[in-house]
Amino acid sequence: MSSLQLKEGMNMIESSESGNIIEVKNLKMYFQIAKSLFSSDTLTLRAVDDISFSIKKGATLGLVGESGCGKTTAARCILRLYESTDGQIIFEGRDITKLKGRKLRQLRKDMQIIFQDPYSSLDPRMSVGDIIGEPLVVHGVANATERSEIVFNLLKTVGLAPDHFYRFPHEFSGGQRQRIGVARALALNPRFIVADEPVSALDVSIQAQILNLLQDLQKEFNLTYLVVAHDLGVVRHLTQEVAVMYVGKIVEKAPTEELFHSPSHPYTEALISAVPSLNLKRKMNRLVLRGDVPSPVFPPPGCRFSTRCMYAKAICSQKEPPLEEIAPDHFVACHFPLEETAYKF
Amino acid sequence: MGMSTLTQDELVAQVKRERRFRNRLWAYFKSLTSNWTATIGFIIIVVFFFVAVFAPVVAPYHPTEDDYRNGMPSYAPPLTDGPGENAFPILLGTDWAGQDVFSRILYGAQSAMWAGFISISVGLFGGISLGAVSGYLGGTVDNIIMRIVDAWMAIPSFFMLLIIVAALSDQPWNEGGKYTLLIAMFFIGFMGIPGYARIIRGSVLAVREMDFIDAARATGSSETRIIVKHVVPNVFPIILVYATMGIGGAISSTASLSFIGLGARPNVPDWGGDMDRARSVFFIYPWNMFFPGLAIFLVVLGFNLLGDWLRDVLDPRTRDV
């Protein structure tokens, strides 16, 4: 047995014991960008800089953070839409980081994606039936009649009518189009689905429908979700665990309720304070962060949040805090994790 | 959400019928006839091609035989009786040499058709190659190609053509300017390349950035399948529309070159050339210039109307097929 096979075997044992469907270890995604037209020097954009997490089978992890923090890039690395620079992605005990060719194609059946933009995610020149059936064609799963049958069932599953089969995407509303995207993602019976901002492009009234649909499907098909979102309300509704990202790094990771009740990282606290509330008794001011998000090309030394953190001390801009477990399953990367906060959600 | 009253099996059958229907050419034909401007355009184009191909059969008179052999007067007005018993009337008059203007227009369609065909083939071949490579590969290749295209577009094509024609008219192989019109057609196509390259690059780039390309990749589609099933179908209609409209433009450009004496040889039936020769007598015998001009106008209009309809019908968002 080669050392590689041995390693794979050990991974399998490890993950079957822990019940994790996916494990991400030290994932890095760097982009090289040209400095100027006349120089061959490049700058490194650290979109995702050494993040690790795992998701238990049937659970949902939320990846939150503001625009440009690398959450979507991380999700796309996991789906192997981007080739990650470094790190390991382990899916059902198998290292999939370097899978190629046929094996990668087989893997595609097991993990799928739901996109943010229901308009650009559907080919305008294909009928709904063809869009939902395409994954089946690609994998040669069924003949034409069986395929129509499967697509009809999928339409029913996501709450569309069978006669939508031969209509075109432009004939549908945003929410219906998102349902079509969900049906396509379900076509190959995947076990793991990445939902990349699944509702942020939709009307608020439609958001709840799609969120409930996602939850129902999770129960029905025993799906595992990775939900990328910036809306904390969505995240709270869908997830059991949340990882907060800031400039390419995970700054805090905790079970959802715990994160919202006792955020330990100042950045998480600021995010939570920004959620609008209908509770009139909840008297609190929004924490307004000063300055801009640092560029992932030139991250600040030490803690990446130190330039904007109201609690920052000298050490914060010198030494990078490691992600440490401060309570069971509650990890935070901060030199001075908050013990108490007025900001809850 | 409208609930269907059909059962699943019936729906499967209906989907199959629907698909077959979609593949049928007459579905497009039906859409064409329901749009009167497109119908006019279509009829003009069909007549144009028919005339170009069958000019020797349908033309009542020989286009280049002069009045001595035809027995026709110079500058006869339209609707003059033809020479001799039962002769076909001289519908659109005759020109300075007593040649039948109507017959010359019918023959002139051949030259116009070649102008459209050659220019558009050269332009599209170059434009698609450059644009697709540029858009699909991106990066440095894209940058280099697009800067060449920028420079290309800065060339004043009319002056360039003047120089080329002047330089080539003395060549022994081009005696009497017999290849001048052909060179002009190629050149017009050549100068159209950067425009097509830009359009095609832009569309390829736009399509490549769409999420449905990533969706296809995430389901395990190969690059070939993505290009064939997603990129080409989304770019092709744009090409087809621009090509259709471009044919009209190429015909009128070639005609203008002939008009200033840079295209057709003297006496070869050509709409632009005929207008050139009728220029000096325009105020005395206007039909000599008017009718070839009308032919150019109608054909260009026809291609534009057809192009408009194609744009609508090839885009599922606006088609009613």
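## The contact between chains A and B

In this model, 32 residues of chain A are in contact with 25 residues of chain B, and the coordinates behind that count are predicted. On the chain A side, the elements that give two or more residues to the contact are helix H3 (101-108), strand S6 (111-114), helix H4 (128-138) and helix H5 (144-157) of chain A. Sorted by class, the residues of chain A that touch chain B comprise 15 nonpolar, eight polar and nine charged ones.

## The two domains of chain A

Chain A is divided into domain 1, which takes in 3-33 + 40-244, and domain 2, which covers 252-332. The C-alpha centres of these two domains of chain A lie 27 Å apart, and 17 residues of domain 1 of chain A are in contact with 17 residues of domain 2 of chain A.

On the side of domain 1 of chain A that touches domain 2 of chain A, two or more residues each are given by strand S2 (42-56), helix H8 (232-238) and strand S9 (241-246) of chain A. S2(A) supplies the largest share of that side, with six residues. By class, this side of domain 1 of chain A holds eight nonpolar, five polar and four charged residues.

## The make-up of chain B

Chain B has twelve helices and zero strands, so that, by the definition of these elements as DSSP runs, every element listed from the N terminus on is written as α. Of the 321 residues in chain B, 42% are buried. Where contacts in chain B between residues at least 6 apart in sequence are considered, 68% of them join residues at least 24 apart.

## A bent helix in chain B

One of the helices of chain B, H3 (residues 36-58), has 23 residues, yet its end C-alpha atoms are only 27 Å apart, whereas a straight helix at 1.5 Å a residue would reach 33 Å. In H3(B) there is a kink of about 55° at B:Ala52, and this kink lies shortly before the proline B:Pro56.

Notes
Residues numbered from 1 in each chain as written. Chains lettered and ligands numbered in written order. Predicted model: local features only at pLDDT ≥ 70, side-chain atom pairs only at ≥ 80, totals over all residues. Helix = DSSP H or I, 4+ residues; strand = E, 2+ residues; numbered from the N terminus. Expected span 1.5 Å × (residues − 1). Bend = angle between axes of the 7 residues up to and from the residue. Domains from an automatic or database assignment. Contact = placed C-beta atoms within 7 Å. Nonpolar A, V, L, I, M, F, W, Y, C, P; charged D, E, K, R; others polar. Buried ≥ 20, exposed ≤ 12 C-beta atoms within 10 Å, placed from the backbone.
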